[in-house]
Structure formats: C-alpha cells, structure tokens
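Have a look at the structure first, then follow along.

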Amino acid sequence: MNRTTLSLIAAATALAAVTGFAALSAPDPAATGDTAEAAAHLPVERTSLLCPPPSTSDLAETTYTSFTPVTKGTENKGGAELRAAERSETGPDDEQDAGDAEGDEGTESDKDGEDGKSDEGGKGGKGGKPEDPVLAPGEPGKPATGDTSGGEAPALVGTADGRFAPGWTVQQTTEVAAGTGRGLQGVTCTAPDTEFWFPGASTDADRTDYVHLTNPGDSAAVVDVELYGEDGALETTVGEGITVGPHATEPILLSTLTEEEQTDVTVHVVVRSGRVGAAVQALDAELGGDWLAASTDPAGSLVLPGIPKDATAVRLVAFAPGDADADLKVRLASPSGLITPAGQETLRVKGGMTAAVDLGDLTRGEAGSLVLTPTNGAVPVVAAVRVLRGEGDARESAFIPAARPVGTRATSAGNTAEGTTLSVTAPEGTARIKVTASAGTEGGTPASETYTIKSGTTQNIDLPVPDGLKGTYALTIEPQSDTPVYASRTLTATQDDVPAFTVQTLPDDRGTVAVPKAEEDLSVLQR
C-alpha cells in the first residue's frame with residue numbers, strides 16, 4: 001500500500017470518527033492484493049440532533065428525554081446539550097405563503113472552543129441573545145429530562161461530543177389535551193441530512209400537515225419540497241428554493257404549496273446546500289395527530305415494524321421514486337409467522353405516483369409488522385402506515401414508516417413503567433437480541449435480558465424492568481446474531497377515554513462508525 005492510500009484512509013478514518021456521518025468499507029483483499037482486514041467499528045466522537053417545534057397548542061405539555069448508552073472505547077470527557085433554534089419569520093399561524101420568508105438573519109455562528117463544544121451554543125429568542133440549554137444530560141447510562149409547556153416552544157439544536165456522542169438519543173413527547181391534533185405526539189430527534197421521504201402526508205381539508213425544517217449549520221440551507229399524489233407530481237407554487245437560516249427552523253404548511261387536496265401525499269425533501277433535520281407533523285381535526293418520521297431510503301423490500309395489536313384501522317401508503325412500476329407482496333409478520341392479508345395480497349405502485357390501500361384491523365389482537373417484498377423484479381419504494389386505535393369519536397392516529405434494521409445497537413428514550421411496548425421482528429430468519437433497561441431518571445438499577453425472535457415473526461417483548469425504577473428509562477437493543485431485526489417502541493396513554501399513542505421505529509443509533517483496518521508499512525512513510 002502506497003503513501004497516498006494510507007493518507008486517504010487516515011484522513012477518512014479521522015473524519016468518520018469525529019463526525020459520525022462518514023463510513024468506509026475496507027478494500028477487498030482478493031481484488032487489491034492488500035492485507036487489509038475487515039472494517040472495525042469505532043465510537044463516534046461528535047454528533048448532532050434536531051428536534052422540531054413540538055406544538056402550537058396552548059394546551060401542549062412536552063417532555064424531552066436524553067440518553068447516551070455507555071459505549072466502550074470512549075474517553076472520559078465530553079458533553080451534550082440542547083439549545084433553542086432561531087424563530088423563523090414565517091410561523092404556522094402566518095397567512096403569507098410558507099417558504100417565502102427566511103429564518104432570522106444576522107445570527108453569528110457558534111464559536112467552537114478547543115474541546116470541540118460550543119462556547120455559546122444555539123441562540124434563541126429575539127435579538128439573538130444566548131439562552132441556557134434546554135437540556136444538559138448528566139452522564140452516559142442515565143437518562144435526563146426537561147419539560148416545556150404551551151405553543152411557543154422552539155425547535156432545538158443539539159450537539160454531543162466525547163463519551164456523550166455514541167448513540168445519543170433524544171425523545172420528544174407532547175400531550176395535547178384538546179383541539180386539532182389532540183392526543184400523544186412523539187418523535188425521535190433526528191440527525192441532519194440532505195434528503196428525506198415522507199409517504200403518508202396529506203393536503204386533505206381535514207388535515208393540517210407541516211413539514212418542519214431545522215438547520216443546525218452556520219450558513220443558510222436551501223431546500224426543495226416536492227409533493228407527489230395519486231397521479232404523480234403535484235403542481236406547487238413556492239416549494240423550490242426555500243431558505244432556512246443558520247441555526248433556524250422553518251415550518252411549511254403543505255396545503256400552501258399546492259391547491260390540490262389529496263388524502264395521500266408523499267413529501268420529498270431535497271437539500272440543495274447545507275443539511276437540515278426534517279419531520280412532518282400530521283394533525284387531524286377528528287383523529288388526533290402525530291409526527292410522521294422519514295421512511296428509510298428507497299429499497300425493493302421494506303419492513304414496517306410494530307403495528308399495535310389493538311389497531312382498528314391500518315392504511316398503507318407507498319411511493320415509487322423512479323419511472324418503473326413496483327409490484328409488492330404484502331405480508332404480516334405475526335407471532336406465528338408470515339401471513340398474507342386476505343384480499344390484499346399485493347399492491348401495485350406506479351412509477352412517480354403515490355399508492356394507498358386500507359388493510360383494516362390487520363393485527364386482530366396480536367403483535368404484527370408489515371413486510372413488503374417485490375413479486376418479481378425489485379423496484380425501489382418508500383412506505384409508511386397510518387394506524388388508528390379506538391372506535392367512533394374516541395379514535396387516535398399515529399404513523400409507522402419503513403425502518404432501517406437495528407444494526408449494531410438501537411436506543412429508545414422516554415419509556416415509562418406502564419404504557420411502553422417494544423416490538424421486534426425478524427422477517428429473514430431466527431435472531432437473538434439483548435435488551436437492556438437503563439436506570440430511571442430519578443433512580444433505579446439497569447436490567448438486561450436476552451430474547452429469541454423466531455423467523456418471520458413479530459414479538460412484543462416482556463421488558464426487563466430496572467430494580468427500584470423511578471421516573472422514565474431508556475432501552476437499548478443489541479442483536480446477538482447476524483440476522484437483521486427491526487424494532488419499534490409504542491407509548492400509550494388514555495385521555496378522556498381516547499387511546500392516545502405514538503410509535504417510533506428504532507434503527508441503528510449511530511453509536512459507531514466503520515473504519516478499515518490495514519497493516520501499515522511504516523517504512524513507506526520514511527521515503
């Protein structure tokens with residue numbers, strides 16, 4: 001291996017470890033003749049998370065829960081914090097066209113100190129004055145919480161470094177007592193990225209859907225928002241070139257982007273410059289509301305884990321980004337294995353169009369996950385389901401997007417002793433997982449158990465409970481076999497006989513990054 005190759009690997013390895021956003025694959029020894037070993041996984045050294053504004057309701061009560069799992073190989077230093085983002089000039093209640101206004105300008109960039117942490121942090125409030133962190137976690141292995149109330153809570157920009165970075169997870173959970181979107185709304189704060197897919201949004205008259213864009217960067221981000229309905233792309237007015245100011249958030253009301261009212265819409269967020277966090281808040285006049293998180297990247301096969309066993313209605317929405325049509329086999333991974341819903345064996349998704357199908361009370365009192373596979377040739381698609389619980393006027397809605405596998409480890413924060421369900425599925429083969437419940441926010445001792453998930457099944461886990469639990473706690477899921485597993489966590493609560501709930505999928509928590517191992521001939525560096 002020559003000096004150039006070694007330098008490239010060293011530089012990329014450092015970038016991956018520091019940012020947590022880069023990954024390298026080791027070269028194939030058979031192809032290169034090198035003695036490179038399989039890629040190793042090192043803890044990330046810095047990460048960032050973005051939480052959207054929780055609600056515009058004066059009745060909203062929001063809790064943030066932060067948790068970093070204890071990760072081997074980290075140094076005993078670092079920290080994490082969440083600070084308020086700038087208020088955008090265009091808010092959810094403004095009558096002007098969303099997307100025309102930019103975030104507050106003239107904000108100075110945060111200055112990084114020598115330790116890699118921000119000296120000032122994100123700036124919120126008028127005049128760009130620094131504010132205290134909304135939440136500053138205590139130590140890895142123990143969750144921390146912060147609360148806010150009302151409809152003026154800002155978006156949050158979070159940073160973590162050192163031992164706080166690997167697997168850092170923040171849960172935002174909001175209870176809204178009444179009004180449009182009443183119920184339980186939950187979202188896992190996301191890492192910034194450059195592209196997002198949201199099948200399951202709507203521009204229907206009964207829905208009030210916003211896509212929230214939050215920019216953690218020091219420079220403005222430029223974003224395009226594209227909408228696709230049952231007949232293809234919807235004509236939009238101000239969806240292109242939306243500017244999101246530095247350290248600012250921009251809510252975009254979908255119905256202001258198009259005059260077409262459609263029940264099922266796929267939202268595609270593409271970032272031209274910079275990176276943003278994105279999430280769709282879907283509020284219904286009759287059926288409550290929740291956050292719609294982004295689907296995993298387009299793929300030929302998808303898994304939507306953890307449909308509640310008491311679901312009274314399930315609606316599947318899918319979109320094929322390319323020109324080719326996709327024919328999907330629809331199956332339910334039940335506790336006894338993979339089954340095909342009667343009368344809904346397949347779904348045809350035309351290229352560039354959004355397709356939807358009602359699956360009814362699919363789970364019929366048992367744990368379940370949807371598994372979508374191609375009937376012949378694989379065509380990339382994205383998908384999500386809208387789930388209803390309850391009957392009549394006492395119904396509540398939530399969303400489950402297609403998920404990435406658990407990977408090395410997945411983390412869920414903000415769990416309660418009652419009202420928490422962990423659902424795990426292994427559609428490709430029998431798998432073993434280790435589940436650890438952390439100490440509580442106010443006390444308790446961690447507890448772990450190992451479970452076997454049979455091939456093609458979904459299991460609602462009988463969770464380990466921390467001894468002496470006080471407050472909320474976190475869960476980590478670690479696969480103990482090579483078989484891919486998918487998971488989600490459901491939180492439930494009852495509000496005036498309405499079965500409020502929210503579901504978050506549990507992909508890999510980005511605690512480690514793959515870097516190559518290579519035998520380095522030091523004599524090369526001396527030439």
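Which residue in β17 does valine 280 stand opposite? I looked it up: valine 280 faces leucine 292 there.

**Entry 1: ground rules.** I am working with a predicted model, in which local features need pLDDT of at least 70, side-chain atom pairs count only at pLDDT 80 or more, and totals for chains, interfaces and linings use all residues. I number residues from 1 along each chain as its sequence is written, and side-chain values use heavy atoms, with hydrogens and water left out.

**Entry 2: confidence.** I checked pLDDT, the predictor's confidence in each residue on a scale from 0 to 100. The protein averages 85, with 82% of its residues at 70 or more. Over residues 1-37 the value falls below 50, and this stretch has 58 contacts in the model beyond near neighbours in sequence; a contact means heavy atoms within 4.5 Å. Residues 520-527 are also below 50, with 8 contacts beyond near neighbours in sequence. I remind myself that where pLDDT is low, the predicted coordinates should not be read in detail.

**Entry 3: the overall count.** I find 3 helices and 37 strands, taken as DSSP runs (helices H or I, at least four residues; strands E, at least two) and numbered from the N terminus. Of the 527 residues, 54% are buried; buried means under 20% relative accessible area, exposed over 50%, and partly exposed in between, with a 1.4 Å probe and protein chains only. Among contacts with a separation of 6 or more, 81% come from residues 24 or more positions apart.

**Entry 4: back to the hairpin.** I returned to β16 (residues 277-284), which is joined to β17 by 5 bridges and runs antiparallel to it. Strands count as paired if DSSP finds at least two bridges between them. The two form a hairpin with 3 residues between them.

**Entry 5: an open sheet.** I traced 4 strands in the order β5-β3-β7-β8, with antiparallel pairing. Why is one side of β5 and of β8 left without a neighbour in the sheet? β5 (144-149) and β8 (183-188) stand at the edges with a single partner strand each, so one side of each has no neighbour in the sheet. Neighbouring strands here are turned by 15° against each other on average, direction ignored; the axes are lines fitted to C-alpha atoms, and angles run from 0 to 180 degrees between N-to-C directions. I also looked at β3 (residues 60-67), which 6 bridges join to β5, and found serine 66 opposite alanine 144.

**Entry 6: the disulfide.** I searched the whole structure and got 1 disulfide, meaning a pair of cysteine sulfur atoms within 2.5 Å. Cysteine 51 and cysteine 189 form it, with their sulfur atoms 2.0 Å apart. The link is right-handed, with 110° about the S-S bond. Cysteine 51 sits in β2 (residues 46-51) and cysteine 189 in the loop between β8 and β9 (195-201), 138 residues apart. Both cysteines are buried.

**Entry 7: arginine 389.** Is arginine 389 buried or exposed? I find it buried, at a relative accessible area of 11%, within β25 (residues 382-391). Its side chain makes a polar contact of 2.8 Å with that of aspartate 310. Such a contact is a pair of N or O atoms within 3.5 Å; within protein, one must be able to donate a hydrogen and the other to accept it, and residues adjacent in sequence count only if both atoms are side-chain atoms. The backbone oxygen of proline 499 lies 3.1 Å from a polar atom of the arginine 389 side chain.
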